[in-house]
Each structure stands twice: as C-alpha cells, then as structure tokens.
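Please find below a short note on the structure, arranged as numbered points. The sequence and the model should be kept in view while reading.

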Amino acid sequence: MIFYFSGTGNTRWAAERLAAETQERLLFIPEEANTKCEYSLADDERIGFCFPVHGWQPPHVVRQFVDRLTITNAAGHYAYALCTCGDSTGLAMKMLGKELAEKGIELQSCQSLIMPESYVCLPFMYTDTPEREREKKEQAKQDLHLFINIVKERQSGYSRLTKGLTPWTFSYVIGAYFNRFMITDSKFTVDADVCLHCGLCAKTCPTDNIEFNEVPQWKNDSSCTCCLSCYHHCPVHAINYGKITRRRGQYYYKP
C-alpha cells in the first residue's frame, strides 16, 4: 500500500515507479481523505508514503490525512517514505515519522529525491534551466532505482535525505511561517483575455480547489496547497500568483 500526494507530477512519477516494482496498491491521498481513512494490510504488504516537500515540511494535506489515518494491523509491517524537493528537505521526514509513530507506524527507510524546481512564488526561486532539469531527472532515476531495491528487500535503517545546512531553522521557523501564512489561493489571478477556457487548471488541481465557469475560480476553502499545478499546466500562462510569477517559467513532470 502506497499513499501519495503530487501536484506537478514529480512525486507521482516516483510513486508510480514504486508501485509498479513492488506490485502494491497506489492510493492518492486527496481522494482517500474523503473516506474514513481506515485500512487493513495483506499479510506481506508494505506501507509507503510519497509526497513533495512544501516549505521544508510535509504538505498539510498529507499531515491531515495522517492525523485521520488508521491501519488496524500496522504492527510488524515494513514502512518507508520518499519525498521530492527542489533543493533540500529540512526535517520534513522527521516530522512525518513522528506523526506516523503516533499511529503505530515506524518508518524503517527514507529517501529524498532532488527534482526540478516548481515553486516560483518567492523572489529567489525560479524553475531550473532545461539542462539542470535534465540533470536532476537523470540523478533522480538512479536514486529511485536504488531506493526501490531497498524497499523490495525491506532493508531497515536506510536514510538518504538532503536536509540542507540548517534543517531545524528551515522546517520549524521558516517552514512553520510559510505553511501557516503563505499557503493560500487568494493570490491566484487569471487573465481572462488570455485564458483559452480549456479547464486544464481545474482538471489538474490535486485537491479539487478550482471551479471552472468560463475562467477558473479558486474556492478559498483552505484546500489549496500552493502546489502551483494550475499555474504550471496553463498552456498560455494566463494564471499567475500575484505579480511575481508573470516573469517566471513553468514546469510539470514530463517523461
């Protein structure tokens, strides 16, 4: 059983590879969050969690799901987690591990994958150059191949995380502020005269936060994770987040 969340597709790619190689169920967290979040495992089934790092923390949709999660027979089952990020994870995996432990799930192996950058809403954050994007994807393929073997062999004690230089500060100070005050859909705008009215933004929103009525309208119901899937998938760059993204690039995972 693999629970995953993905916005622009980096984590979805990794989760799908894991599911294919381990032959285990792949469950999309936003969809599962609409259920009772109660599960029972087959005798030999592993428990996996895959998610992108948002502000050096797990996304709130993942943390809320874990808070409601019940696995009736989790004891003794191998558990692992994989996260994707543009540069560093901070202590995001430690935060997830602590919250899972409260549910009786002990993470036995962890991996971070450095993937192409998609968050572009701060002055110092941009999409990667095409060359850097290719480099990150190629390295991620190699790192994921290694981790898949770790998971298939159920190895414990494996932890390969790019935490950064000051992980506590990034996760518990900067990340705490970011996830409390800067995760909002209130800054999204659409240039109606540019919009193609294709509805792709609503179709690709992982949390169903967009209603499409000729142009996209964000629901302002706290479901937005600021994954920027709507922004990155817009074929004519009609969607922006404030003014800062008007001169920024777009990215979503393509094989």
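How many nonpolar, polar and charged residues does the lining of the second largest pocket have?

1. The model under discussion is predicted. In the lining of the second largest pocket, 6 residues are nonpolar, 5 are polar and 3 are charged.

2. The volume of this second largest pocket is about 260 Å³. Its lining is made up of 14 residues, and those nearest the centre are Pro-30, Ala-33, Asn-34, Val-61 and Thr-207. At least two lining residues come from each of helix H2 (29–32) and helix H3 (60–68). The largest share, 5 residues, belongs to H3.

3. The largest pocket holds about 490 Å³ of space. Among its 33 lining residues, Val-53, His-54, Gly-55, Glu-117 and Tyr-119 lie nearest the centre. By class, this lining contains 18 nonpolar, 13 polar and 2 charged residues.

4. Three elements each give at least two residues to the lining of the largest pocket: helix H1 (10–22), strand E6 (79–85) and helix H6 (167–181). Of these, H6 provides the largest share, with 3 residues.

5. Attention may now turn to the nonpolar cores. The largest one has 53 residues, and Phe-3 and Leu-96 touch the most other members. When neighbours within four places in sequence are set aside, Leu-96 is in contact with Phe-49, Phe-51, Pro-58, Val-62, Val-66, Ala-81 and Leu-107. There is also a second, separate core of 24 residues, including Leu-122, Cys-195, Ala-202 and Cys-205.

Technical notes:
Residues are numbered from 1 along each chain as its sequence is written. This is a predicted model: local features need pLDDT of at least 70, side-chain atom pairs count only at pLDDT 80 or more; totals for chains, interfaces and linings use all residues. Side-chain values use heavy atoms; hydrogens and water are left out. A nonpolar core is a set of buried Ala, Val, Leu, Ile, Met, Phe, Trp, Tyr and Cys residues joined through side-chain atoms within 4.5 Å. Buried means under 20% relative accessible area, exposed over 50%, partly exposed in between (1.4 Å probe, protein chains only). Contact means heavy atoms within 4.5 Å. On a 1 Å grid over the protein atoms alone, a cavity is a set of points where a 1.4 Å probe fits but cannot get out, and a pocket is an open set with protein on both sides within 12 Å along at least five of seven lines; lining residues have an atom within 4 Å of a point. Grid points are joined across faces, edges and corners, and a volume is the space filled by probe spheres set on the points. Helices (H or I, at least four residues) and strands (E, at least two) are DSSP runs, numbered from the N terminus. Ala, Val, Leu, Ile, Met, Phe, Trp, Tyr, Cys and Pro count as nonpolar, Asp, Glu, Lys and Arg as charged, and the others, Gly among them, as polar.
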